[in-house]
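User: I have a model to go through. Let us take it by question and answer.

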Amino acid sequence: MKIKPEWTKAFLICAAASAVSACASSSLETLEKSAVGEPQWAANGWLTPGTDSEPEIIGLYVTREACEAAVDEWMSRQVVGNPIHGDCLPIDRH
């Protein structure tokens, strides 16, 4: 019995697709577990009263408390009387 080249090619494509999908679905669980020590919050500061312009990136932080402390410290270093805004935003990893 001789195997046709078309069937071999189709089998290899299906096997590769299965392997890729298996790796992709298991990596999401690993990502969620490994993200514990990675930055989860981005501290941004605007030299305007709101978020209308491009922000100055203050830093990336693991906890929201650390992020808010960095925003407070950044705001305290700005010129008095100049309208500013600072905020902590969650980092989207999905």
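User: Which residues does Cys-67 touch, not counting residues up to four places away in sequence?
Analyst: This is a predicted model. Cys-67 is buried, with a relative accessible area of 0%. Leaving out residues up to four places away in sequence, Cys-67 touches Trp-41, Ala-42, Ala-43, Tyr-61 and Cys-88.

User: Is the disulfide of Cys-67 and Cys-88 left-handed or right-handed?
Analyst: The structure holds one disulfide. Its S to S distance, from Cys-67 to Cys-88, is 2.2 Å. The torsion about that S-S bond is about -115°, so the disulfide is left-handed.

User: How many residues apart are Cys-67 and Cys-88?
Analyst: The disulfide joins Cys-67 to Cys-88. Cys-67 lies in helix H2, and Cys-88 lies in strand E3, residues 85–90. The pair links distant parts of the chain, 21 residues apart.

User: Is Cys-88 buried or exposed?
Analyst: Buried means under 20% relative accessible area. Cys-88 has 6% relative accessibility, so Cys-88 counts as buried.

User: Which residues form the largest nonpolar core?
Analyst: In soluble globular proteins, nonpolar side chains tend to be buried together. Here the largest nonpolar core has five residues. Strand E1 (41–46) and helix H2 (64–76) each supply at least two residues of this core. The members are Trp-41, Ala-43, Cys-67, Val-71 and Cys-88.

User: What pattern does the chain follow along the sequence?
Analyst: The chain has two helices and three strands. Read along the sequence, their pattern is α-β-β-α-β.

Methods: Residues numbered from 1 in each chain as written. Predicted model: local features only at pLDDT ≥ 70, side-chain atom pairs only at ≥ 80, totals over all residues. Heavy atoms only, no water. Core = buried A, V, L, I, M, F, W, Y, C linked by side-chain atoms within 4.5 Å. Buried < 20%, exposed > 50% of the residue type's maximum accessible area, 1.4 Å probe, protein only. Helix = DSSP H or I, 4+ residues; strand = E, 2+ residues; numbered from the N terminus. Contact = heavy atoms within 4.5 Å. Disulfide = S-S within 2.5 Å.
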